[in-house]
Amino acid sequence: MRIEDLAKKNGQTAQIQGWVANKRESKGLVFLNLRDGSGIVQCIVSADNIDEKLFQEIASLGLESSLEIAGKVVQDERQIGGYEIHVDEAKIIQNVSEYPIANKEHGAEFLMDKRHLWLRSRRQWAIMRVRNTIIFSIHNFFQKEGFVQMDAPILTANACEGTTDLFTVDYFENEAYLSQSGQLYGEAMAMALGKIYTFGPTFRSEKSKTRRHLAEFWMIEPEMIFCDIFQNMDVIEKFIQHVVAEVLAKNEKELNVLDRDLEPLRSVEKSFTRLSYDQAVQILKGQEKVNGQSTLDLIQKELQELKEEKEKLEMDNEERQHIITKGGIKKGKLAFLQSTIDKQKQRIKQIEEDQRNLPQWLESAKNFAYGNDFGGSDETVLTKMFDVPVMVYDWPHEIKAFYMKRNPDNPKFARGVDLLAPEGYGEIVGGGERETDVEWLKEKIIEHKLPMEEFEWYLDLRRYGTVPHSGFGLGLERLVSWICKLHHVREAIPFPRMYGRIEP
RNA sequence: GCCUCAUUAGCUCAGUUGGUUAGAGCGACGGACUGUUAAUCCGCAGGUCCCUGGUUCGAGUCCAGGAUGGGGCGCCA
């Protein structure tokens, strides 16, 4: 049976199949932390209960050895799942020695090289379970709202928006590309089915080395007919609230493993901040305050806090080092001090990086030139001003994609919308209302220097029964990252594909 | 493509103004211990100091170039 169902067998005999997640020994006793993918349970093997030879074998098991055990399920408050098993029978499938991932801190590169094994660890287990809830609740939401799930092609002939770098593949001796967005196809499908959403992989060959970029990621792209930018924003808000609520309801245990502060997630149920581009620029440049605070105040406060934290960490470490050098302390205490120092040093490195970045970000925000697109740092600065997600709409049309609809009251602006996640996670949704007029679209295609003949089918959507419509794209891994508060999107997908890495 | 930081044992890291035989903790391995939660205690093994060249009586340490990785910018979800 599965470890997560052990409560049903309290006081009875249960059989578990799994791997050794951790082991402790004592004379005549072995404590095995067994994991089976559904949970972890401590199993106690006593020399009194089992024959001598088997006991010795169990005592010699290495981490990630696989085995089957059977024994009595006993309630015990101290245990992770609330139960432990007193083992009567055991069958070893494989005794493993020298499992590469130790029960301690490791660096990112090492763990990425061991990604196929790293997935077994508790933290990764929790992330993947939250990812699963998110995927499921995305389908739930759209199905409940009457959307039809349809897939856009992955192989495409043209570069769509023409801006980003795409992966090329050989397509029967011709060049084709891996799709960077299914949106144009989504529009065609919406004209047929009314409300649709795509859910599939997306590819970008940009050489980005940041914590929020992947070369291959999963994107959800809904498209809705008779929907304007404001109704679009209503859907985005309702949709994100639904997903977050589902995770809060189903993954308390997992969020706990991740040590996730739940307050920022709970505040998502409040309505999101909506800013026009003009308002957002004012705030960004420090010309408008939010809750009595300007971006300048915010960054300076943060820099001051970082400085104080760093000084404190350095003093603490010096003290710890002093205790170690003085000697005469127990080995366990020593190990603890040493590992604390290691951990604090990593944090100090992070602080130093932030200290290098923040002033640049402030500079960039202060000198932001009206009319430009927001940079990653600008988004971060802006979202730090609010405790709920922020939607920015009505962007200068020059910086947005060719298919964006103009604001009829002020054609300077295109009706795009970006959703910026709180806590510095930046853009997780990008979308908008689509242009409906075939002549406007043609003009834009020429302006963007795109091959007109490749867009003839797309223009047909406006020639034959054009209607107002809107949609958006959500980056799954970015959403997972924010909800789990991950340091990097690479932890949000089982096998990340990113610049400089295609293995394992 | 640009900027920045790093690379020392299986892992995480020390290594002083350049100076004899390069260290610690964890892990692994061997042993002790009958209720442990990263158990504890004793013992043992483990090194191409990223690569190439230079400066020097002498380089893990200084200089130049390169490789790889972290982070940021651009671009985006």
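Student: Which residue in S15 stands opposite Pro396?
Tutor: That's Phe413. Keep in mind this is a predicted model: local features need pLDDT of at least 70, side-chain atom pairs count only at pLDDT 80 or more, and totals for chains, interfaces and linings use all residues. Residues are numbered from 1 along each chain as its sequence is written, chains are lettered from A and ligands numbered from 1 in the order in which they are written, and side-chain values use heavy atoms, with hydrogens and water left out.

Student: OK, and in what sense do S13 and S15 pair?
Tutor: Antiparallel, over 6 bridges, with S15 covering residues 410-421. Two strands count as paired if DSSP finds at least two bridges between them. The element names are DSSP runs numbered from the N terminus: helices are H or I with at least four residues, strands are E with at least two.

Student: What about S12 and S13, parallel or antiparallel?
Tutor: Parallel, with 4 bridges between S12 (residues 273-276) and S13. Within that pairing, Ser276 sits opposite Tyr393 of S13.

Student: What fraction of the contacts comes from residues 24 or more positions apart?
Tutor: 69%, counting contacts in chain A with a separation of 6 or more. Contact here means heavy atoms within 4.5 Å.

Student: Switching to helices. At what angle do H4 and H6 pack?
Tutor: About 135 degrees, with the axes 9 Å apart; H4 is residues 122-144 and H6 is 229-250. Axes are lines fitted to C-alpha atoms, for helices over the stretch in contact, and angles run from 0 to 180 degrees between N-to-C directions. H4 and H6 are therefore oblique to each other. The cut-offs are under 35 degrees for roughly parallel, over 145 for roughly antiparallel, 65 to 115 for roughly perpendicular, and oblique for the rest.

Student: Which residues meet there?
Tutor: On the H4 side they include Val130, Ile134, Phe141 and Lys144, and on the H6 side Val235, Phe239, His242 and Glu246 are among them. The residues of the contact of H4 with H6 split into 10 nonpolar, 4 polar and 4 charged. For those classes, Ala, Val, Leu, Ile, Met, Phe, Trp, Tyr, Cys and Pro are nonpolar, Asp, Glu, Lys and Arg are charged, and the others, Gly among them, are polar.

Student: How far apart are the axes of H4 and H15?
Tutor: 10 Å, at an angle of about 125 degrees, with H15 running over residues 476-484. H4 and H15 are therefore oblique to each other. H4 brings Ile127, Val130, Arg131, Ile134, Ile135 and Ile138, and H15 brings Leu476, Glu477, Leu479, Val480, Ile483 and Cys484. The contact of H4 with H15 has 10 nonpolar, no polar and 2 charged residues.

Student: And what's the angle between H13 and H14?
Tutor: About 155 degrees, with axes 9 Å apart. That makes H13 roughly antiparallel to H14. H13 uses Val438, Leu441, Lys442 and Ile445 against Tyr458, Leu459, Arg462 and Arg463 of H14.

Student: What do the buried residues of H5 pack against?
Tutor: S10, S11, H14 and S17. The buried ones in H5 are Gln183, Leu184, Gly186, Glu187, Met189 and Ala190. Just after H5, Gly194 has a positive phi of about 95 degrees.

Student: Back to sheets: in what order do the barrel strands go?
Tutor: S1-S2-S3-S5-S4, 5 strands with mixed pairing. The twist averages 50 degrees from one strand to the next. S4 (residues 66-75) and S5 (residues 83-94) run antiparallel, joined by 10 bridges, and Val74 has Glu84 of S5 as its bridge partner.

Student: Which strands form the open sheet?
Tutor: S7, S9 and S8, in the order S7-S9-S8, with antiparallel pairing. S7 and S8 stand at the edges with a single partner strand each, so one side of each has no neighbour in the sheet. S7 pairs with S9 over 2 bridges, and Leu155 is partnered by Leu178 in S9.

Key: Buried < 20%, exposed > 50% of the residue type's maximum accessible area, 1.4 Å probe, protein only.
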